[in-house]
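Please read this report with the sequence and the 3D view side by side. It goes through helices, sheets and rings in turn.

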Amino acid sequence: LDQLARDVSAPMKGVPGLTLGHVQAAETQGRDYLVDTDGMRLVQEEGYAAVLARAEVLRADGTLLSDERTWVARSAADLPPVALLSAETRRLGEDLAARAHAAPVPWYEGPVVFEGEAAADVFVSLLPEQLRGTPPDPSGDREYQAALQGGPRLGRRVLPPGWTVHDDPRNVPEGMPGGYRYDQEGVEAQRVDLVADGRVRDLAMSRVPRDEATSNGHGRGGIQGEMS
């Protein structure tokens, strides 16, 4: 990984105008053990590898511009080839350097197209808090129903009409992290159809009870701390 980071960052040395060209690579692998009083005995392999490339450039007016790219895989062996990572990293630097000399965009009001990682970021920003069904920890100063206010609610619109979202931890593309057969509470993972026609239809649930839903194999968290 150390050599991979050096090789992938090398192309940014030749990009004029960059004030920073930085690449990090890391991998973590391990096993998740679960033993409970009902006789459950589980051992699951877990882990991922990631590469982060970041570039910065300082405009003549003092504005600092930055951009980054991230690649994540099940293991280091599943990452894209070094040649591809290097080419993408150089393109990252060149695009950013060109933006440093671009003229300011005049006032614009119209549609915005999200592509690449930006498209995924839209989902990250909009959906998790609206689909995470585990209720908040009990509190002595508010009732259960009050604790749920403002959180996930079935029927709430979260995406435009026609959009659907489902999550199936058992069906993850080869070489990608995030898949599992059993969640960290020993419940078998299930496909959950979370959003239909832009509205919340179901929630990702752990064993923590909720009036309108029960666990569907989406209890993820640590031994200490709440499940989500």
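In which hand, left-handed or right-handed, does helix 1 pass helix 2? The crossing is right-handed. A crossing counts as right-handed if the near helix is turned clockwise from the far one by less than a right angle, and as left-handed if anticlockwise.

## Basis of the model

This is a predicted model: local features need pLDDT of at least 70, side-chain atom pairs count only at pLDDT 80 or more, and totals for chains, interfaces and linings use all residues. Residues are numbered from 1 along each chain as its sequence is written, and side-chain values use heavy atoms, with hydrogens and water left out.

Helices (H or I, at least four residues) and strands (E, at least two) are DSSP runs, numbered from the N terminus.

## Helix 1 against helix 2

Two packed helices are described by the angle between their axes and the distance between the axes. Helix 1 covers residues 2-9 and helix 2 covers residues 82-99. Their axes come within 8 Å and cross at roughly 45 degrees. That makes helix 1 oblique to helix 2. Angles under 35 degrees count as roughly parallel, over 145 as roughly antiparallel, 65 to 115 as roughly perpendicular and the rest as oblique. Axes are lines fitted to C-alpha atoms, for helices over the stretch in contact, and angles run from 0 to 180 degrees between N-to-C directions.

Helix 1 brings Leu4, Asp7 and Val8 to the contact (heavy atoms within 4.5 Å). Helix 2 meets them with Val82, Leu85, Ser86 and Thr89. By class, this contact has four nonpolar, two polar and one charged residues.

Strands of a sheet pair through backbone hydrogen bonds, either parallel or antiparallel. Here three strands form an open sheet in the order 1-2-3, with antiparallel pairing (at least two DSSP bridges between two strands). Strand 1 and strand 3 (64-73) are the edge strands, and each pairs on one side only. Neighbouring strands are turned by 15 degrees against each other on average, direction ignored. Helix 2 packs on this sheet and touches strand 1, strand 2 and strand 3. The direction of helix 2 makes about 160 degrees with that of strand 3.

Strand 1 (residues 18-35) and strand 2 (residues 41-58) pair over 17 bridges. Tyrosine 33 has valine 43 as its bridge partner, and alanine 25 stands opposite valine 51. Five residues lie between these strands in their hairpin, where glycine 39 takes a positive phi near 95 degrees. Ten bridges join strand 2 to strand 3. Glutamate 56 stands opposite serine 66 there. In that hairpin, glycine 62 takes a positive phi near 90 degrees.

## The sheet of strands 4, 5 and 6

Another open sheet has the order 4-5-6, and its pairing is antiparallel. Strand 4 (165-167) and strand 6 (199-200) each have a single partner strand, so one side of each is left without a neighbour in the sheet. Two bridges join strand 5 (residues 192-196) to strand 6. Alanine 196 stands opposite arginine 199.

## An aromatic pair

How many aromatic pairs does a search of the whole structure find? It finds one. Rings of Phe, Tyr and Trp (its six-membered ring) pair if their centres lie within 6.5 Å; planes under 30 degrees apart count as stacked, over 60 as edge-to-face and the rest as tilted. Phenylalanine 123 and tryptophan 163 have ring centres 6.0 Å apart and planes at 35 degrees, so the pair is tilted. Phenylalanine 123 is in helix 3 (residues 117-126), and tryptophan 163 is in the loop between helix 5 (144-148) and strand 4. The two are 40 residues apart.

Technical notes. Nonpolar A, V, L, I, M, F, W, Y, C, P; charged D, E, K, R; others polar.
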